[in-house]
Amino acid sequence: RSSDLAELCEERYPDILKFPDELMHVESASKVSAQTLKGSLDAMEQQINRLEKDIENFPKSTDPHEKFVSRMSSFARTSREQYEKLSNMHNNMTKLYENLGEYFTFDPKSVSIEDFFGDLSCFRTLFMEAVKENNKRREMEEKIKRAKLAKEKAEREKLERQQKKKQLIDMNKEGDETGVMDNLLEALQSGAAFRAQIGRA
């Protein structure tokens with residue numbers, strides 16, 4: 001159970017409890033489709049190739065004010081540079097994911113990025129909830145323990161009062177005046193006599 005795992009980490013490996021902060025981006029990562037990214041990059045490259053070919057085949061103009069080719073050539077160069085950056089980033093992402101597969105011993109070709117990060121996100125959420133539940137349970141147990149101790153103390157004090165009251169009432173059945181005076185003095189010093197009076201009032 002996740003609550004048992006969380007409790008084990010709290011007791012033996014407290015530093016691990018910080019890991020949800022380090023994995024705060026896995027939920028966003030689980031919504032990224034590697035297949036969609038690859039498809040978008042391929043479409044982008046095809047469009048850039050087509051643009052470059054159109055510029056190359058565009059009829060030569062003798063009009064000195066004609067700026068179409070120069071401006072579109074500049075746009076095509078910038079687009080190609082941006083595409084190369086995105087393509088490199090995508091390749092790096094693929095390599096890093098392959099490294100993750102090697103580290104966590106799974107086949108990155110059969111487990112998609114969405115599934116992997118989705119599982120991590122789910123584990124992170126369940127772990128954080130388990131830590132919260134464990135804290136609530138401990139607080140409740142402590143509350144019950146305090147209430148039990150308070151009840152036991154109250155019962156103990158009540159029993160002591162009853163015993164002192166009994167001693168006061170049952171002073172000395174044999175009429176020993178010294179015993180009567182001693183018991184009365186003890187009752188007055190302890191306040192049992194006054195509590196008995198207040199109770200009757």
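Where pLDDT is low, the predicted coordinates should not be read in detail.

Helix H8, residues 192-200, has the lowest confidence in the protein, with a mean of 50, while H5 has the highest, with a mean of 92. For the protein, the mean pLDDT is 81, and 81% of the residues reach 70 or more. Because the model is predicted, local features need pLDDT of at least 70 and side-chain atom pairs count only at pLDDT 80 or more, whereas totals for chains, interfaces and linings use all residues. Residues are numbered from 1 along each chain as its sequence is written, and side-chain values use heavy atoms, with hydrogens and water left out.

## Overall composition

The protein has 8 helices and 0 strands. Helices (H or I, at least four residues) and strands (E, at least two) are DSSP runs, numbered from the N terminus. Read from that terminus, the order of elements is α-α-α-α-α-α-α-α.

Of the 201 residues, 19% are buried. Buried means under 20% relative accessible area, exposed over 50%, and partly exposed in between, with a 1.4 Å probe and protein chains only. The protein exposes about 16,000 Å², of which carbon and sulfur atoms supply 54%; the areas come from the Shrake-Rupley method with a 1.4 Å probe, and for residues only the protein chains shown count as cover. Among contacts with a separation of 6 or more, 66% are between residues 24 or more positions apart.

## Helices H4 and H5

The axes of helix H4 (residues 34-57) and H5 come within 10 Å and cross at roughly 155°. That angle makes H4 roughly antiparallel to H5. Axes are lines fitted to C-alpha atoms, for helices over the stretch in contact, and angles run from 0 to 180 degrees between N-to-C directions. Angles under 35 degrees count as roughly parallel, over 145 as roughly antiparallel, 65 to 115 as roughly perpendicular and the rest as oblique.

The crossing of H4 with H5 is left-handed, the term used if the near helix is turned anticlockwise from the far one by less than a right angle, with right-handed for clockwise. On the H4 side the contact includes Ala34, Leu37, Leu41, Met44, Glu45, Ile48, Asn49, Glu52 and Ile55. Residues of H5 in the contact include Val69, Met72, Phe75, Ala76, Arg80, Tyr83, Leu86, His90 and Met93.

Arginine 80 is in helix H5. Arginine 80 counts as buried because its relative accessibility is 18%. Leaving out residues up to four places away in sequence, arginine 80 touches Glu45, Ile48, Asn49 and Glu52.

Serine 70 is also in helix H5, which spans residues 68-103. With 44% relative accessibility, serine 70 counts as partly exposed. Its C-alpha atom is separated by 9.0 Å from that of isoleucine 55, 15 residues apart along the chain.

Threonine 105 lies in the loop between H5 and helix H6 (113-169). Threonine 105 is not a glycine, yet it has a positive phi of about 55°. The relative accessible area of threonine 105 is 70%, so the residue is exposed.

Isoleucine 113 lies in helix H6 and, at 10% relative accessibility, counts as buried. Isoleucine 113 touches Ala29, Val32, Ala34, Met93 and Tyr97, not counting residues up to four places away in sequence. Alanine 34 is 79 residues from isoleucine 113 along the chain, and their C-alpha atoms are separated by 6.7 Å.

## Further along H6

Valine 131 is in helix H6 and counts as buried at 18% relative accessibility. Beyond residues up to four places away in sequence, valine 131 touches Ala6, Glu10 and Leu17.

Methionine 128 and phenylalanine 19 are 109 residues apart in sequence, and their C-alpha atoms are 9.9 Å apart in space.

How values were computed:
pLDDT is the predictor's confidence in each residue, from 0 to 100. Contact means heavy atoms within 4.5 Å.
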